[in-house]
Amino acid sequence: METFDALIVEDDPFKEAALREVLEQLDSRFRFETSVSVQTALLSIRAKKFDLVLLDMALPSHDRSRGKGSPTSMPSGGLEILLTLNRLKRLDPIIVVTQYPEVDINGSLIPILAVKSAILGIVRVNLLDVIHYDQTEDAWRDALIDTVKRHHDKCSNS
Amino acid sequence: MAARNWLRGLVAQKGEGSFGGRIDRIGDRYNRADALASETFISEMQRQGELTASLPTPPQPPAVNNLSYPDSMKAATFREVFSERTHHNEARIVDFIGTTHDLDVAFARGDASLIVHLIKKLGRDFGYSIHLTQRLLSLTHLMPTATDLVVSVRDYTSAFEITKRSIFYVALEDSFDRTRDYLETRRTFVRLARSGRFSNPSRHIIEHHFSPYLTDSDRYWSRAKAFSAYSVIDGAMFALFTSQPEITPNTPQKPKDLRSALGSRIISASQYSPTEGLADAITFSVNTEDEQSGFLYKHSAAWRSDPTIRAFQDAIEQTAGRRFDGDFSIPMVRSALSKSISDDDLRELLTQPSFVPRNDLREELQIGTGRLLQTLLYLEAAERELDFKEIDGDGLLNLLSQTEDVALLTSPLEFSLLLPNREDDKLYELLRATLVYDAGENISTEYDRRAVFEEIVSAEYDGDILGLLQYLYHRSPHVGRYYISTCSDHFLTQLYQLYQSVEAVTAARERILFWYGTHTGDEVLLERARSLALENKLSRLRNDHDANRLYVDAIRLNHWLQENLAAELREIAYQGVDELRAAATLEEATDEVALMRDPSLRLGGLINRAFFEFCSNKSYGLDSYVGRRIRHGTFYGTLTSDVRTTINSFIQKQQLLYPELCLFFKSWLVQYEADIRRFAIEQLQLRSPEKPKGLIIANVNNAEKLLALAMAVDDVKSTLQSAASVPVALDVIHQHCWRLADIDLLSIQFELERLRSERMFIDGRRLPLTGNTFIDDEARSLVRWLNEHFIEKISQITMWFSKPSEVTPSATLEELFNVVVTEAREQVDGFDPQLRLSETTHIRIIGHRYQYVYDALNFVVHNAASHGKRDGELSLQTSVSKSDTHTFIEVEIFSELPTDASPEETRESLLGFMEAPLTDAMVTEGKSGIRKLRLLAASKQEIDSVRASVSDTHVMVGFRVVLVSM
């Protein structure tokens, strides 16, 4: 059976579980990897291509491992993943999913509606959408499902 | 009387039309005393903004905004006024030129006392001028140790400091300040001047100071008006030393330049020979020939009256002035370089290993040698759009080591032409990416530079960053220094392929600083390296401690297992283990009657008892360590201290104007603190009828634990079957207790995340916005900071809830004390003691003793933090004695009493704690530190002799550490 490799880059386990659940319900062929920091996300990205990357923007620099010090908080850590994909000339489909109504890009807080164009002004990546994750509402689920479906349809037709 | 009436008239008209008019003729109209008094009065009124006026030689620095700046006056008219004005003051101007020349000569000869004498004379006789101010500010930066000179300059410049300093004065001073980057200073002031932020005279004075080369005659006239408005001296100096740009057919008709409007006496006074040795005197303090020309250039604005220095500055400004201003839009005027060097020569000159200056170039260009000339050659190459296709990494390194600021003097587009990609040469790519980044800093260029940096360190230096830095520094100290300063914590943190943890990042930074400090012998760097090493050590100790925060005293638990379970286990082993099985259901596993009836479940029952003891013993069990190391203020302090401080600081600033917004944060904080307190009191507990929500459950209560119990039964069975001893089987049981506990610890981790997600996370959309963009942005930033802070802190706390690391922690007593104080600083608001430590004991405390001593210090320090003077002194005194079998460390910790505390009441209260019953001390919170310490001493032979005393000013709590001598 064909499978889809998905990478979830997310340091909030609740949000990660919620994202995974939506994708699992949408298509049982998804196989998941999770990274909780910029450093391990880069390792995953460099190791193989993904059929879908769900990316949080504010991430810790490194995994928290006991006895090895607290990681640094990187408000635009997700950008590092996008810049690396850009450098590797990779077009893995990406959906940014953030809990914040603004995203820190280059030290400026960009309203979520303008984030996609701001990112595409910096890097050439296959950014499908930027979704605001609000656990108290269902809008993010609908947006995620819709974006993934549209992407699948587009791939099937091409 | 006549002068007074005249002044009244002037003030009544606000000085209108005073430029070059009535004020200049004061000396003709009135006697000397009246004229001086009138000038002083006008100067004062001008500075206070009562008059718009320009004095020929102002006795005080004029307020630049209140000068009579004849903005709309036609150039020809201005020239006439100027001519008349300078003619009228001809003697003064001639005298000024002569005296400043004398000053140059005295400086070139190093005659400090004559310099001081001339400075005083110039100030006294000619008042304030930009020309003199430039010269004097340059002098103080050239001779900072000549005390008399510095004082005499300060006497002159102090008048600028009386009120807010004129912006042009700040610009002048910053431009000569060696601690500032000249290019950055120049670009900042030129940009601000051109942005229209300053009044016209300030704008033109600043622009001319940095960027004297003119291509536009309108600017020539605007600047002339600005200088003339400041003083007649400045007008004349501008006319003498600045040429009007050539008039092209496209420019409107302009009158002849101002120089020709000056009287012949002024012209001939200014035509003296270059002052011998002046340039050498200016560059005297510069050690390397490489940097002398550059240094001279930075000071040249102050010495333009000298023909050699003027020609030197003009040659450079003409060639590269626009680029120094940050303007790449207009091609440079082709200098002598264009004619003197072919393209190939230019390439070769720029990339050879060491630059040998050609004499013909030096003479022709009059721009000395060294890095400045190389930089100008490079800019010439950029102007010609040459490419350096043949250049490799080493060649580019040569170029960079012999030039300066090329990245800032070249546009990103020019770089793409000059330096095409060469992916096979990593050094070239690193230098190229760095230049592109410096030429246009943004997130992409920053990333590219970092990526190439990482690639070269991985591929060519085996992952050792120091290897690359040492190579670069060895080849070119100039370039090496740049990269060393690039390696900040933030930069290193983002080298994700090189460093897999934050600890590795800080270790790398420490190595770089130590090497560089040692290599250069720079004490400041070494001090930073040493302090970073200490911080890292402390941080490693804290990390070690975090990895061992949860603990169960293995020695005491093993005693209990031996005393209570060994016999039964021996009996089970004797009877044979074949029939033994794990409980199949939760009921079977927990039903005491079933366990008694069914002998096959005996082993499972025995493991259950061990697990219960493991979790619940009030002295050495898991819950007691959660109590003493997490619940005891640590959990609450870690989550609330920074949050409270940050929110209160926001509220303090905004309360008055934005009460609704502040109320939002206030209410949220109250709720937040209650949630955190409740979580600790209700959930970070051993489950019991009193604590039904407790997350540590000392029995098998779910399917996962049932499975873990089955594995434990199997393991112990096979241990007994393999004829291993009962103590080994007990050790296996101990290990399985951790596996069973792990299930609860995971559930605590999960609940902590739930707490963060459901109770701590703030939805920024709920903020009651004020409509003030600045304040609303600040509030949003605060919310973001809080949410990120929660993620960080909860991740940190989550790590506490896991089995301690296998590595045995160790530290000296003083190191442990530092760790404990650092933690308390983070957990108790305002706790910032001044530490005093006695001589170090040098005794390392290892293993379980480490745990005991940490706990003992923690109780005492938290006690001092909670009840003592928070910013007072906290001292640790230790003494060591030895017997044949033991080493004893006496520990005494002194903290200051709060100013409002009564020593008697404190003594009484302390006595109460010293005598209070000890039961439950480890698992209760609030005023329990001394009791916990006593209980620790009562139950561990390694800690004893707990004592406490109170003087009028201090509280002392002490104990003794007993170590068995090896």
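Let's start with helices α26 and α27 of chain B. Their axes come within 8 Å and cross at roughly 100°. Axes here are lines fitted to C-alpha atoms, for helices over the stretch in contact, and angles run from 0 to 180 degrees between N-to-C directions. Helices (H or I, at least four residues) and strands (E, at least two) are DSSP runs, numbered from the N terminus. So α26(B) and α27(B) are roughly perpendicular to each other. On this scale, under 35 degrees is roughly parallel, over 145 roughly antiparallel, 65 to 115 roughly perpendicular, and the rest oblique.

Who makes the contact? From α26(B) come B:F453, B:I456 and B:V457, and from α27(B) come B:I465, B:L468 and B:L469. Contact means heavy atoms within 4.5 Å. By class, that contact has six nonpolar residues, no polar and no charged. Ala, Val, Leu, Ile, Met, Phe, Trp, Tyr, Cys and Pro count as nonpolar, Asp, Glu, Lys and Arg as charged, and the others, Gly among them, as polar.

A word on the model. It is predicted: local features need pLDDT of at least 70, side-chain atom pairs count only at pLDDT 80 or more, and totals for chains, interfaces and linings use all residues. Residues are numbered from 1 along each chain as its sequence is written, chains are lettered from A and ligands numbered from 1 in the order written, and side-chain values use heavy atoms, with hydrogens and water left out.

Stay with α26 of chain B. This helix covers residues 443-460 and holds B:E446. Is B:E446 buried or exposed? B:E446 is buried, with a relative accessible area of 17%. Buried means under 20% relative accessible area, exposed over 50%, partly exposed in between (1.4 Å probe, protein chains only). Setting aside residues up to four places away in sequence, B:E446 touches B:Y437 and B:Q494. The C-alpha atoms of B:E446 and B:V436 are separated by 9.0 Å, and the two residues are 10 apart along the chain.

Next, the loop between α26 and α27 of chain B. B:D462 sits there. Its phi is near 50°, a positive value in a residue other than glycine. B:D462 counts as exposed, at 73% relative accessibility.

B:D405 is not a glycine, yet has a positive phi of about 55°. At 32% relative accessibility, B:D405 counts as partly exposed.

That brings us to α22 of chain B, residues 393-401. Eight of its nine residues are buried, so the helix is largely enclosed by the rest of the structure. Among the buried ones are B:G393, B:L396, B:N398 and B:S401. What covers them? The cover includes α19 (343-351), α21, α25 (426-439) and α27 (465-475) of chain B.

α21 of chain B has another partner. Helix α17 (residues 307-324) and helix α21 (residues 370-383), both of chain B, have axes that come within 11 Å and cross at roughly 45°. That makes α17(B) oblique to α21(B). The crossing of α17(B) past α21(B) is left-handed. Left-handed means the near helix is turned anticlockwise from the far one by less than a right angle; right-handed means clockwise. On the α17(B) side, the contact includes B:F312, B:I316 and B:R323; on the α21(B) side, it includes B:L372, B:L376 and B:E383. The residues of this contact divide into seven nonpolar, one polar and two charged.

On to the cores. A nonpolar core is a set of buried Ala, Val, Leu, Ile, Met, Phe, Trp, Tyr and Cys residues joined through side-chain atoms within 4.5 Å. The largest one has 144 residues, and B:F107, B:L139 and B:F453 touch the most other members. Not counting residues up to four places away in sequence, B:F107 touches partners including B:I115, B:L142, B:M143 and B:W303. Apart from that core lies another, of 83 residues, with B:V552 and B:I797 among them.

Last, two buried threonines. B:T185 is in helix α10 (residues 182-194) of chain B. B:T185 is buried, at 7% relative accessible area. B:T283 lies in the loop between α15 (278-282) and α16 (289-299) of chain B. B:T283 is buried too, at 6%. Leaving out residues up to four places away in sequence, B:T283 touches B:Q292, B:F295 and B:L296.
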